[in-house]
Amino acid sequence: MMPGVRVLLSDVAETVSRKVTTDNDGVYNLPDLPPAVYEITVSAPGFITQMWTTITVGVGTERVLNIVMRPGDPNKIVKTTAPPASISQSSAADNVNASTVRESPLNGRDWAALVTLQAGVTGVQTGSATGGGNVDRGFGAPVSISGARPDQNSYRLDGISINDYANGAPGSVLGDNLGIDAVEQISVLGSNYPAEYGRTSGGIINAVTRSGTNAFHGDVYEFLRNSALDARNFFDGATPPFKRNQFGGSAGGPIQKDRTFIFGDYEGLRQSLGLTTVDTVPSPAARTGQLSTGTVSVDPAVRRFLNAFYPFPNGPLLGGGDTGIFTFAGQPTYMRDSSKTVQPDEFNELHSDIASARQVATLHEQHVFSANSLNAARFGFSRAVGTVGRVSSVINPLIVDSNYGFVPGEFVGGVRAVPGVTDFTGGPTPQGFNRSLAWNSFQGGDDFFLTRGVHAISLGGVVERMQSNELSTGNVNGVFRFDSLSDFLTNRPRVFQGLHTPALPDVGLRETLVGAYFQDDIRLRRNFIFNAGMRYEMVTVPTEAHNRISNLQNLTDAVPRVGAPFFHNPTLRNLEPRIGFAWNPRGGKTLVRSGFGIFDVLPLPYEFNLSFQRAVPFVNSVYANVLPASTFPTGAYAQFSQKPGSGLGTYIEQKPKRNYVMQWNLSVARELSSTLALTVGYVGSRGVHLPYRMDNIDMVLPTLTPTGYVFPSTATTQTLNPNFGRIDSTIWQGDSFYHALQADLAKRVGHGIEFHAAYTWGKSIDTLSATEADDAFPNGLFNQLFFDQRTSRGLSDFNIAQTFVLSFTWELPSPASSSGLLKWPLTGWQFGGVYKASTGQPFTPILGGDPAGMKLDETSERPNFAAGPGCTTLTDPGNPDTYIKTQCLAFPGANRWGNLGRNSLIGPGVSNLDFSIFKNNPVKHISENFNAQFRAEFFNILNRANFASPTQNLAVFDQGGLPVSSAGLITSTQTTSRQIQLALKLIW
């Protein structure tokens with residue numbers, strides 16, 4: 001535009017109004033606008049007044065609208081619909097508008113699920129259709145954005161970070177986030193976002209809540225489900241009972257017209273859902289010692305334990321008949337008001353609770369100093385709580401009988417890692433729960449915006465105080481591990497873990513984050529904007545509220561150093577440059593964007609939740625990795641609880657290098673029509689010095705030979721540090737690489753049709769994917785060869801090669817001739833849907849036990865690849881019973897490290913269509929906007945069995961090289977069977 005043009009901007013709800021005048025260069029800037037749909041009116045003496053409508057401003061994005069003034073009568077007003085979004089920044093951003101938020105068929109009505117509709121976003125397959133995470137990793141559904149680890153993302157609600165104690169996505173114990181009617185807009189910044197964003201090297205997920213308007217508006221609703229309408233899941237016998245009530249309402253309006261507004265929302269959920277659990281248990285013959293490989297003598301203590309806790313198979317036997325399928329349909333119940341679920345254990349012997357809670361409070365203040373300067377301050381508090389293991393009912397009374405305990409006075413412990421047999425987690429803890437975590441985050445920040453000529457300058461800072469409190473009582477009852485079914489039956493355990501400290505201390509981590517930034521968006525030409533920014537961000541080294549810090553200065557030290565500091569701070573020089581450009585050639589319908597930036601992966605408290613747990617001298621743990629025969633169930637504790645060298649040590653690298661990610665992108669956006677826009681781009685990243693997590697680094701070291709790594713004979717070996725039974729460690733040495741094609745096709749509403757399609761074709765490679773624990777993902781591997789990262793380089797645990805997502809709504813036009821009795825049934829219909837298709841997630845077959853001789857409590861040793869007919873791929877997608885082609889794998893032999901690469905196999909993909917039908921019924925005699933909406937939503941309407949990866953049955957050979965009959969057995973699906981939901985929603 002030209003100088004001196006008056007610009008008036010207002011949102012369609014009439015709650016925001018700003019006035020500016022273009023400067024001498026004809027430039028205007030309206031910073032820090034709330035996300036909404038706006039109208040702009042431009043006027044000047046001697047020129048026609050123009051009104052541009054349908055201007056969508058997304059959270060975390062900027063719009064460019066160039067208007068050409070036309071000479072004429074100023075009293076004449078020309079109204080024009082704004083073109084599709086033209087983003088002025090170099091970062092790629094996608095927005096989900098309010099109508100999509102509320103009208104998409106979302107299973108569970110989880111607003112965070114809308115993140116997966118965007119290009120570059122891939123969901124992490126959890127191996128279960130029940131949703132939800134776990135108390136360790138966080139309850140929200142994990143996603144990878146542009147190749148980043150899921151715990152590198154930042155979730156923001158009204159500008160405040162709402163990441164939890166695991167730095168994960170927000171969510172309840174079902175994984176969902178209710179209150180979708182309170183969400184105005186969601187945006188995803190995938191890469192190269194401006195310097196104002198920090199605390200993350202992954203994606204930025206911004207959610208903004210609705211506000212009241214000058215008009216009173218709201219809704220009430222009830223969503224119902226019942227198993228009578230559902231299809232049977234692939235693994236169900238009969239369709240398990242399912243009842244769900246999801247209900248609530250929202251309302252907003254003015255307190256003082258044009259100035260003060262109020263809005264509120266409530267949503268509750270009650271659910272009782274039958275879930276089919278598929279386990280593998282010893283067969284009747286095996287329980288008497290009649291194995292397919294020969295007869296063994298079953299130890300009396302083991303027989304007593306089997307009879308007390310292990311059910312007999314009620315399904316087919318597997319392989320040679322040593323194990324069989326045991327299936328039962330448990331009935332978990334869920335209440336959202338307190339976010340609590342009650343569910344059975346693996347053998348239906350007790351019901352335990354998982355509970356979560358979350359609170360967020362925000363305060364924002366904007367002050368307009370002039371037409372060219374504005375200041376925005378914000379304060380916030382976020383709290384997340386999670387508890388697991390509270391027992392609500394006991395089905396098998398023997399599980400709380402201390403006569404079956406492994407530790408004197410405690411209940412029965414766990415039996416894990418028996419190849420081919422489902423883990424038995426044991427009884428409840430006397431403390432009443434297994435783990436309890438609480439997260440508090442106090443945040444404050446300020447942003448100042450200034451426009452001077454061609455410069456749009458922003459600068460500001462942020463301070464966050466983090467408190468992570470944790471109390472963990474797991475393993476109080478003890479855990480045994482066996483290398484084979486034969487070893488289990490004959491009482492030859494390999495590992496025992498337990499605790500000798502009756503009163504465990506709570507742990508309180510404390511950190512403070514400080515960040516500051518400067519950003520300048522320079523309009524070098526009318527069609528070319530250069531973005532330049534710099535951010536500084538540091539965090540203090542974690543401290544513990546009671547100074548209970550224990551850390552080995554060197555891996556081979558006999559005793560740890562006690563007290564702060566935990567390690568040397570690597571963040572004091574964290575300068576993060578961000579540069580990019582947005583170019584609109586010839587001012588036409590094409591936009592070219594590119595950028596490069598550095599983003600730090602800050603050492604936040606979640607990385608050390610496990611590192612502070614149970615370390616000597618504060619806790620006397622028992623880790624015995626080489627056990628004599630017949631020490632199950634009580635002999636191991638009696639022998640090792642007082643023995644030196646069985647405690648837990650912690651080794652955190654003392655002088656870690658700076659952990660950062662470099663990101664770059666190049667994209668081209670094209671306006672194909674007034675309502676249709678296409679974006680195609682390349683996104684890449686490189687992670688340097690990422691956390692390389694080892695739950696136990698205290699291993700026996702092998703020798704590299706021309707045929708691979710060979711470990712010494714087990715009888716004569718010694719671990720790195722024999723003064724400890726286990727050494728928990730984090731070293732910053734991981735690398736990652738990501739390259740992807742990302743495409744996005746979006747159509748705004750036209751002729752009643754709106755759709756959005758996103759496609760991602762990418763590849764993420766790293767040397768290890770986990771941060772907090774090496775088994776953070778179901779396909780994660782325990783305790784790899786940390787000294788040679790070439791052996792663990794492979795596809796990231798969260799890699800999905802291809803993802804396609806299509807979301808759409810179609811409001812059917814009313815017949816022009818309809819009248820009278822035909823008018824109501826033929827009008828008001830609306831269809832919608834979300835279709836998702838993706839390839840599978842990688843995984844690695846492993847060996848049971850410790851045939852290599854690493855002398856670790858948990859191992860993920862690999863087999864050899866055995867080339868042969870049909871072995872170009874190592875999976876059989878059509879066979880959920882033996883998904884892994886075990887004939888293509890071979891036992892590497894004792895004391896050998898197998899040559900199969902990490903994540904060489906790809907799990908099943910996903911193809912899922914959720915569909916909805918709405919019938920809108922305006923009731924004009926109540927009010928002009930009153931609508932009684934009937935909804936029918938069909939989740940997985942095609943009832944496709946989207947199998948999960950066989951991550952519960954990855955062991956292909958046991959300790960002795962014998963095949964494991966359950967290898968590659970798939971026991972769950974990634975999505976539900978077809979489920980139907982009916983609803984009534986009253987909207988005004």
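This is a predicted model: local features need pLDDT of at least 70, side-chain atom pairs count only at pLDDT 80 or more; totals for chains, interfaces and linings use all residues.
Residues are numbered from 1 along each chain as its sequence is written. Local features need pLDDT of at least 70, side-chain atom pairs count only at pLDDT 80 or more, totals for chains, interfaces and linings use all residues, and side-chain values use heavy atoms, with hydrogens and water left out.

Strands are DSSP runs (E, at least two residues), numbered from the N terminus. Two strands pair if DSSP finds at least two bridges between them. An open sheet is formed by four strands, in the order β25-β28-β29-β37. Its pairing is mixed. The edges are held by β25 (414-416) and β37 (621-624). Each has a single partner strand, so one side of each is left without a neighbour in the sheet. Neighbouring strands are turned by 10° against each other on average, direction ignored; axes are lines fitted to C-alpha atoms, and angles run from 0 to 180 degrees between N-to-C directions. β25 and β28 (residues 479-481) run parallel and are joined by three bridges. Here Val415 stands opposite Phe480 of β28.

Strand β36 spans residues 590-600. β36 pairs with β35 (residues 575-583) in the antiparallel sense, over six bridges. Arg578 has Gly597 in β36 as its bridge partner. The two strands form a hairpin with six residues between them. In the turn, Arg586 has a positive phi of about 55°. β36 also runs antiparallel to β39 (residues 660-671), with eleven bridges joining them. Phe599 stands opposite Val661 in β39.

Definitions and conventions. Buried means under 20% relative accessible area, exposed over 50%, partly exposed in between (1.4 Å probe, protein chains only).
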